[in-house]
Amino acid sequence: MSKPRPEPVQVIKERRDRALDALVRGVPYIAFLGIAFDRRGDELTAILPYRETHIGNPTLPALHGGATASFLEVTAIIGLGWSILWERIESGAVDPAAIGAGRIPALPKTIDFTTDFLRTGLPRDAYARALVNRSGRRYASVHVEAWQDNRARPFAQATGHFLMPADD
Amino acid sequence: MQNQTIARQVIESLPFSQALGMRLEEVGEGRAVLSMPWDARLVGDPHTGVIHGGAVSALMDTTAGTAVIARGDGTGTTATLDLRIDYMRPARSGQRLRCEAVCYHTTRTVAFIRATTQDEDAEAGPVATAVGAFTFERREEVS
């Protein structure tokens, strides 16, 4: 018995990108802020492109704390939602072909969220990554870091607790 | 009184607050009330039409900052150090959110705030509450 040939890389990539797209595209607020996600395997990097409407202090100028907090919360929810979806696709529990065709995967709900403003948000693009520190049946704890020019100098970080979406 | 005037003039002119449609309702000594209308572009859950937590955060951060600016003993400038938000229940779809923030204590360098957000269904209890710390500069008294 020979092992079945692995699927072509392009087929796998397209399937994963389609699943991620379905997760992100369903949320109007993500489009409102212009946030995009860059995927490398299961790792996501969120990108907040600079826009004048994200400014809070026009004299500095600096990003609005609310724009920064929103960016971190979006990154945490999608990061956690994506890790759940990834596992379900890989284990075969979810058929990726069914995702996207009008069917949006359920996202986790925020219980609490603490944003720590480390530096002034500069008027340029920002990036963020989420780390799921714990993901149980009901609750999850997620940490997020956001940076601009220098990955080693984050300008904001956050920790939040989330209610896991019900299995479907 | 002077800082309350600053708060009035500045807050609604911030580009991000404007983009979210925030409106200054009340301002007093170390206290502010801002509101934000329901808007389809701010929705976080397309199944229910509930506003995204991030937009609620933005409203609470802005209201809290306004309360700090409105302190008569400060210089009228501030920045958020940290903000913790607890989400009690989803905001009702289609309803205006109203956030009240109080700056309840200041040191020479730090302002502490509490804030509560409600929708139009006040009997259902708050949508979210927040606590935070902001930078603060005490105004030098000129005698």
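Me: Which residue has a side chain joined to that of Asp61(B) by a polar contact of 2.7 Å?

Reply: This is a predicted model, in which local features need pLDDT of at least 70, side-chain atom pairs count only at pLDDT 80 or more, and totals for chains, interfaces and linings use all residues. Residues are numbered from 1 along each chain as its sequence is written, chains are lettered from A and ligands numbered from 1 in the order in which they are written, and side-chain values use heavy atoms, with hydrogens and water left out. A polar contact is a pair of N or O atoms within 3.5 Å; within protein, one must be able to donate a hydrogen and the other to accept it, and residues adjacent in sequence count only if both atoms are side-chain atoms. At 2.7 Å, the partner of Asp61(B) is Thr80(B).

Me: How far from Asp61(B) is the nearest side chain of opposite charge?

Reply: Lys and Arg count as positive and Asp and Glu as negative, while His and the chain ends are not counted. A salt bridge requires a side-chain nitrogen of Lys or Arg within 4 Å of a carboxyl oxygen of Asp or Glu. Asp61(B) is buried (under 20% relative accessible area; exposed is over 50%, partly exposed in between, with a 1.4 Å probe and protein chains only). Asp61(B) has no salt bridge, and the nearest side chain of opposite charge, Arg84(B), lies at a distance of 14 Å.

Me: Is Phe113(A) buried or exposed?

Reply: Phe113(A) is in contact (heavy atoms within 4.5 Å) with residues of chain A, including Ala69(A) and Phe162(A), and with residues of chain B, among them Leu83(B) and Tyr87(B); neighbours within four places in sequence are left aside. Because its relative accessible area is 1%, Phe113(A) is buried.

Me: Which residue forms a salt bridge with Glu26(B) at 3.2 Å?

Reply: Glu26(B) is partly exposed, with a relative accessible area of 32%. Glu26(B) also belongs to a network of salt bridges that includes Arg31(B) and Glu100(B). The closest N and O atoms are 3.2 Å apart in its salt bridge with Arg98(B).

Me: What is the radius of gyration of chain B?

Reply: The radius of gyration is taken over C-alpha atoms, and the globule rule is 2.2 Å times the number of residues to the power 0.38. With 143 residues, a compact globule would come near 15 Å. Chain B agrees with that value, so its radius of gyration is 15 Å.
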